[in-house]
Amino acid sequence: MTARGRVLIAGAGIAGLATAIALRGAGFEVTVHERADGGFGAAGSALGLNPAAVLALRALGLDGPVIESGAEVHRWELLNWNGERIGGWPQTKVSEAFGAPSVTLPRARLHQTLHAALSDGELRLGSTVAGYRETAAGVELLLSDGTHERGHLLIGADGLNSAVRRQMHGDTPPRPAGFTAWRAVSDKAAEDHSYLTARQILGSGATFGSWPLPGGRTYWVATLADEERETAGLTPRTGASAHTPKDHAALADAFRKAPPQAVALIEATAPAKVVRTPILDRPPLAGWSTVRTLLIGDAAHPMVPTTGQGGGQALLDAIAVADVLRGADLHDHHGLAGRLHHFEEQRFPVATGAAQAAWHLGRLHHERDPEQVALRDRRLQAVTEAEWLSRQGLGPASTAASRSSR
């Protein structure tokens with residue numbers, strides 16, 4: 001055991017793996033417990049990483065393989081349901097200002113990169129966390145098989161339905177966002193793929209987004225408000241095999257009046273490759289830490305995927321945890337509690353601000369009242385390119401930390 005203490009991490013998602021790598025680099029012994037036996041990253045799923053997230057990976061020494069596995073986004077465009085451009089900005093200007101690209105890559109590839117950076121002894125698969133117990137000397141992680149693991153700090157990185165969060169704050173249900181997402185990777189290139197353009201189409205209670213991937217592929221996400229989903233005949237279902245050919249045809253029909261690239265991508269994708277996800281989050285909640293336990297990632301600040309910030313915020317958490325604990329002696333519970341509180345003071349306004357922005361944007365994007373939809377589109381069209389760039393963090397007073405929340 002290291003002189004400065006041992007860290008136990010619940011959850012081997014992006015937050016848990018990245019935090020383990022960062023803390024090991026800061027000189028701590030780490031062990032990650034993950035209930036799944038393997039197969040990280042949802043099949044058919046991808047994710048976007050903005051420049052701040054790529055810089056976090058650079059701090060871990062892992063930005064190279066991630067950038068090589070992804071496609072750089074050069075431009076963002078917003079379209080209305082008639083295919084008219086209502087907003088956009090050159091993402092290359094944002095990337096140049098940060099000194100890092102904005103990339104889209106398969107989610108599994110990011111997980112594999114993070115996983116490969118840990119040794120077999122640092123990652124324990126098939127290990128389900130049931131709870132924890134803090135003692136005067138440290139913390140015990142209680143596992144579902146009746147065994148326990150001792151350490152000096154527990155980090156709950158076990159996602160939206162975190163067992164660590166549940167014990168810390170009680171068992172409350174997640175908050176439905178009012179819409180469902182269907183996402184997949186298509187072998188078809190979207191329109192303007194050669195220009196590496198990310199595109200979001202906004203309609204009435206419906207959106208369709210597409211992002212370039214290497215090899216002429218495209219990552220797409222279709223969303224429908226609950227009322228639109230019911231009208232389309234798509235009933236609530238869960239499970240890996242929930243999206244049937246019948247559902248796939250109904251999904252395509254729901255986007256038949258959107259710009260043609262939406263239906264083209266849906267119909268070019270096999271139903272089995274589509275992942276269906278009811279969108280949930282939790283209202284912001286302070287109190288991410290006790291004396292020896294800390295929540296990070298979706299366990300602390302889950303967010304709807306409207307802005308694509310979830311993975312990036314998890315990476316920023318990992319870097320911040322390592323920064324506040326660097327040089328700490330985890331045996332000193334008074335000093336440890338102060339450092340954990342400092343982490344929350346630093347990250348709470350940024351991460352919860354990003355989560356709240358994503359929630360409100362999700363409501364705006366799924367507006368169904370025709371007058372409000374028209375007003376939304378006119379307001380977006382009135383935003384100048386300079387204003388769009390400012391929203392991405394290029395204002396005169398921006399810093400790398402504040403930019404990441406936008």
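This is a predicted model: local features need pLDDT of at least 70, side-chain atom pairs count only at pLDDT 80 or more; totals for chains, interfaces and linings use all residues.
Student: Hi! How do the axes of α1 and α5 cross, and at what angle?
Tutor: Hello! Helix α1 (residues 14–25) and helix α5 (residues 107–116) have axes that come within 9 Å and cross at roughly 30°. That angle makes α1 roughly parallel to α5, because angles under 35 degrees count that way.

Student: Is the crossing of α1 and α5 left-handed or right-handed?
Tutor: Left-handed, as α1 passes α5.

Student: And which residues meet there?
Tutor: From α1 you have I14, L17, A18 and I21; on the α5 side they meet R107, L110, H111, L114 and H115. By type, the residues of this contact divide into six nonpolar, two polar and one charged.

Student: Switching to the sheet: what's the strand order?
Tutor: The order is β6-β5-β14-β15-β16-β13-β17, seven strands in an open sheet with mixed pairing.

Student: Which strands stand at the edges, then?
Tutor: β6 (85–90) and β17 (275–281); each has a single partner strand, so one side of each lacks a neighbour in the sheet. On average, neighbouring strands here are turned by 15° against each other, ignoring direction.

Student: How many bridges join β5 to β6?
Tutor: Five, and β5 (residues 75–80) runs antiparallel to β6. Look for W76, which stands opposite W89 in β6.

Student: Nice. Which strands does α4 touch?
Tutor: Helix α4 (residues 91–98) packs on the sheet and touches β5 and β6, with its direction at about 30° to that of β6.

Student: What about α13, which strands does that helix touch?
Tutor: Helix α13 (residues 385–394) packs on the sheet, touching β5 and β6, and its direction makes about 60° with that of β6.

Note on methods
Residues are numbered from 1 along each chain as its sequence is written. Side-chain values use heavy atoms; hydrogens and water are left out. Axes are lines fitted to C-alpha atoms, for helices over the stretch in contact, and angles run from 0 to 180 degrees between N-to-C directions. Helices (H or I, at least four residues) and strands (E, at least two) are DSSP runs, numbered from the N terminus. Angles under 35 degrees count as roughly parallel, over 145 as roughly antiparallel, 65 to 115 as roughly perpendicular and the rest as oblique. A crossing is left-handed if the near helix is turned anticlockwise from the far one by less than a right angle, and right-handed if clockwise. Contact means heavy atoms within 4.5 Å. Ala, Val, Leu, Ile, Met, Phe, Trp, Tyr, Cys and Pro count as nonpolar, Asp, Glu, Lys and Arg as charged, and the others, Gly among them, as polar. Two strands pair if DSSP finds at least two bridges between them.
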